[in-house]
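This report covers salt bridges and strand pairing in one protein model.

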Amino acid sequence: MDASAAASATDAARGRLDLTSLPAPETLLDRLRAPLGAWLPTRRWFAHRPAGPAPQPLDVEVEAWAGLRVQADVAVLWTVLAVDDHRVGRARYQVPLALLAPDAEVAEDALVTRTDEVAVADALALPAGRDAVLALLAEGSGALGPGLRLLADPAPMVRSALAAPPTGPGASSRVLSGEQSNTSLIHEQPGRTPVILKVFRLLGDGENPDVILQSALTSAGSPHVPAVLGSAQISFGERRTHALVAQEFLPGVEDAWRTMLREAAAGRLDEAALRELGTVLARVHADLALALGTVPTGDTEARRMLAQMRGRLTDVASSVPTVAAHVEALGTLLHRAAEVPWPAMQRIHGDLHLGQVLAAPGHGWVLLDFEGEPLRPLAERLREDCPLRDVAGMLRSLDYAAAVTAREHGTDASGWAHAAREAFLDGYLTGAGIPPQDPATRVLLAAFEADKAVYEALYESRNRPDWIDIPLAALTRISGTVREG
């Protein structure tokens, strides 16, 4: 072979993955435990970092895996990684890995490790890896491997939206920036419905509420959530849960948090829009109640929830001294909440705030991310809850919008906050058929809002100490109302 032919052969081989040179997958994955243990704590979606100022390597076990796709330049393995946390026990994460040629170009942030044999990367950070996941859903296929079964269940719309193969003319995919607990892929193709595909990173045991609730709302014809296009389930060991969900993507819209910050900074308030947001939440609650049922709230359940609030108040007050001044008043509030009738329990959003709301042309207000608080155990997030928790969450978010505006612009936005809260609440109560001054509702709302502010005080004390005045102002306001009443 002459020099030019040898050079051509070398160029052709460059970037090509030679699977025959690799050890068996089990052996390779066992060798990856240490690199994965160093890489996982650097991920935004990883919630079980060891305590300390800098991420520390973890002891990682590859609990299950399956091969998803093999091509000339990449092989994709769908893995379930297990780490032990002294607070919650064993936690399991979904991590699709891409195996590439050792000389393959990979962005540093996506790279897990590189050896003489192979480069290993986060598959979702690479076009070929994203295409493998999109093809799984478009084809309605699955994967089977040691201890892991993966099966896609696409609705007819997803086949039309993705149109296998998903890498048609003009198609593009990218990772949505800014997420913290999951990874979402945006797939766009000329003439087809844009798709957002959310891969759940932290795995529980049981159905994911984000899939169940939004699928129920889609089936009910609700225009207030992006249409669910399909999902996939994963089972490993004795566990079974949702791996991912695909929905209609609404491009070119911003969330209500940014909208409200801009409005508050300009001193403007669209009360009609905020009333409509309250009305939309009431409609979503009604649709969920009809689709998934309700449970009467007996004394036992009400007292259980109030006991959780008392426990949180006691715990936070012991570590955040400024909260301790409100323990007596809030204790009185919780006692009053035990004496009033409660609305029926039902499935709710569970983590509602302005960042989970879009104003989408042709849709109006659209609610996102029905997964609930990501760090709460899945079993808790699958329970029926009080719908007033969602209302209180939005009231707290409007308070935060005003407080952030005041901090950033040096203006008093308290009047804006009061008017915004009242407009939203008026819309919700009217939509839900609740009298505006219903005493039981007002007491329960105050209890749920106080509980949220107590949680915020703990969070701010640990992460943004100079922001702790925001939840403390809410606790002062609520405590003052309790003392007056």
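## Salt bridges

A salt bridge is counted when a side-chain nitrogen of Lys or Arg lies within 4 Å of a carboxyl oxygen of Asp or Glu. The model is predicted, so local features need pLDDT of at least 70 and side-chain atom pairs count only at pLDDT 80 or more, while totals for chains, interfaces and linings use all residues. Residues are numbered from 1 along each chain as its sequence is written, and side-chain values use heavy atoms, with hydrogens and water left out.

The structure holds 29 salt bridges. One of them joins E263 to R268, with 3.2 Å between the closest N and O atoms. Accessibility is classed by relative accessible area: buried is under 20%, exposed is over 50%, and partly exposed is in between (1.4 Å probe, protein chains only). E263 is buried at 16%, whereas R268 is partly exposed at 43%.

## Other pairs and a network

R33 and D30 also form a salt bridge, and their closest N and O atoms are 3.9 Å apart. R33 is partly exposed, at 30% relative accessible area; D30 is partly exposed as well, at 48%.

A network of salt bridges links R396, D399, R421, E449, E456 and R477.

## The K198–D369 contact

K198 forms a salt bridge with D369, and the closest N and O atoms are 2.6 Å apart. Helices (H or I, at least four residues) and strands (E, at least two) are DSSP runs, numbered from the N terminus. K198 belongs to strand 10 (residues 195–200), while D369 sits in the loop between strand 17 (364–367) and helix 12 (378–381), so the pair ties together parts that are 171 residues apart in sequence.

K198 is buried, with a relative accessibility of 5%. D369 is partly exposed, at 26%.

## Strand 13 and its partners

Two strands are taken to pair if DSSP finds at least two bridges between them. Strand 10 pairs with strand 13 in the antiparallel sense over five bridges. Within this pairing, V199 has L244 of strand 13 as its bridge partner.

Strand 12 (residues 228–236) is joined to strand 13 by eight bridges, and the two run antiparallel. V228 stands opposite Q247 in strand 13. Strands 12 and 13 form a hairpin with two residues between them, and G237 in the turn has a positive phi of about 60°. Eight of the ten residues of strand 13 (residues 239–248) are buried, so strand 13 is largely enclosed by the rest of the structure.
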